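Hi,

Here is the structure I promised to pass along. Please have a look at it first, and then read on for what turned up.

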Amino acid sequence: MPDAQAMDTWQRAAREQGAGFRSSRAEREPAPQDPAERARAICLRLLTGTPRTRRQLADALAKREIPDEIAEEVLARFEDVGLINDAAFADAWVESRHHGRGLARRALARELRTKGVDAAVIDEAVGQLDSDQEEATARELVARKLTSTRGLDRDRRLRRLAGMLARKGYAEGLALRVVRQALEEEGEDTEGLDEGFA
């Protein structure tokens with residue numbers, strides 16, 4: 001078994017060799033890219049995985065300390081060639097999240113705001129969903145969840161179903177109407193049900 005002094009000498013030599021390897025490796029690596037090239041590479045890498053909004057990309061560039069004027073220039077160019085399109089992003093988001101998760105216009109608008117989409121673009125995107133479409137989705141959501149509430153008392157069923165719709169962004173009036181109709185179709189007595197919901 002090697003003694004402590006020999007082990008210490010071996011560890012020191014290994015560290016020095018490692019340091020030498022790192023410095024020679026650093027010499028072989030190309031010089032750091034210019035900021036515009038780095039910004040383009042960052043944006044392309046982020047856009048490869050999933051669509052992003054302009055603000056999401058701007059935030060990523062800021063985190064990586066890309067100067068503001070260069071970030072602005074790169075983002076403007078990406079918009080010009082169609083790689084960044086907040087309106088298309090918002091339209092796709094609304095389509096996907098409404099049909100996939102059953103989110104209402106209010107919840108969709110909130111999500112798009114957190115992603116940095118402009119208010120006018122959000123209004124246009126969520127405007128694709130009309131009231132009838134939103135109500136039909138609310139009915140589908142309630143129908144799916146209704147069976148899991150059987151056996152509970154009427155008021156508890158109401159709170160559970162209306163609460164599920166509220167979390168998805170549906171207005172209270174719509175939620176109550178849809179849940180009440182679903183319960184009536186099951187034969188529940190809904191007399192005074194609106195007053196019981198608080």
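Predicted model: local features only at pLDDT ≥ 70, side-chain atom pairs only at ≥ 80, totals over all residues.

The buried set in helix 8 consists of Glu134, Glu135, Thr137, Ala138, Leu141, Val142 and Leu146. Helix 8 itself has 16 residues and spans 22 Å from its first C-alpha to its last, close to the 22 Å expected at 1.5 Å a residue. At its N-terminal end, helix 8 is capped by aspartate 130, with a side-chain oxygen 3.3 Å from the backbone nitrogen of aspartate 132.

Next, the cores. In the largest nonpolar core, which has 18 residues, the ones that touch the most other members are Val142, Leu146, Leu161, Leu165, Tyr170, Val178 and Val179. Helix 8 (131–146), helix 9 (154–167) and helix 10 (172–185) are the elements that give two or more residues to this core. Helix 10 supplies the largest share, seven residues. There is also a second, separate core of 16 residues, with Ala39, Leu46, Leu61 and Ile70 among them.

Tyrosine 170 deserves a look of its own. Leaving aside residues up to four places away in sequence, tyrosine 170 touches His98, Gly102, Leu103, Ala104, Arg106, Glu134, Thr137, Ala138, Leu141 and Leu165.

Then there is glutamate 111, which sits in helix 6 (residues 105–114). Is glutamate 111 buried or exposed? Its relative accessibility is 18%, so glutamate 111 counts as buried, the cut-off being under 20%. The side chain of glutamate 111 makes a polar contact of 2.6 Å with the side chain of arginine 97, and another polar contact, of 2.9 Å, joins it to the side chain of tryptophan 93. Not counting residues up to four places away in sequence, glutamate 111 touches Trp93, Arg97 and Leu103.

Tryptophan 93 comes up again in the aromatic search. How many aromatic pairs does a search of the whole structure find? The search finds one: phenylalanine 89 and tryptophan 93, which are stacked at 5.7 Å centre to centre with 20° between the planes. Phenylalanine 89 and tryptophan 93 are separated by about one helical turn because they lie four residues apart in helix 5. Both phenylalanine 89 and tryptophan 93 are buried.

Happy to talk any of this through.

Best wishes

Notes:
Residues numbered from 1 in each chain as written. Heavy atoms only, no water. Buried < 20%, exposed > 50% of the residue type's maximum accessible area, 1.4 Å probe, protein only. Polar contact = N/O pair within 3.5 Å; in protein donor to acceptor, adjacent residues only side chain to side chain. Contact = heavy atoms within 4.5 Å. Core = buried A, V, L, I, M, F, W, Y, C linked by side-chain atoms within 4.5 Å. Expected span 1.5 Å × (residues − 1). Phe/Tyr/Trp six-rings, centres within 6.5 Å; stacked < 30°, edge-to-face > 60°.
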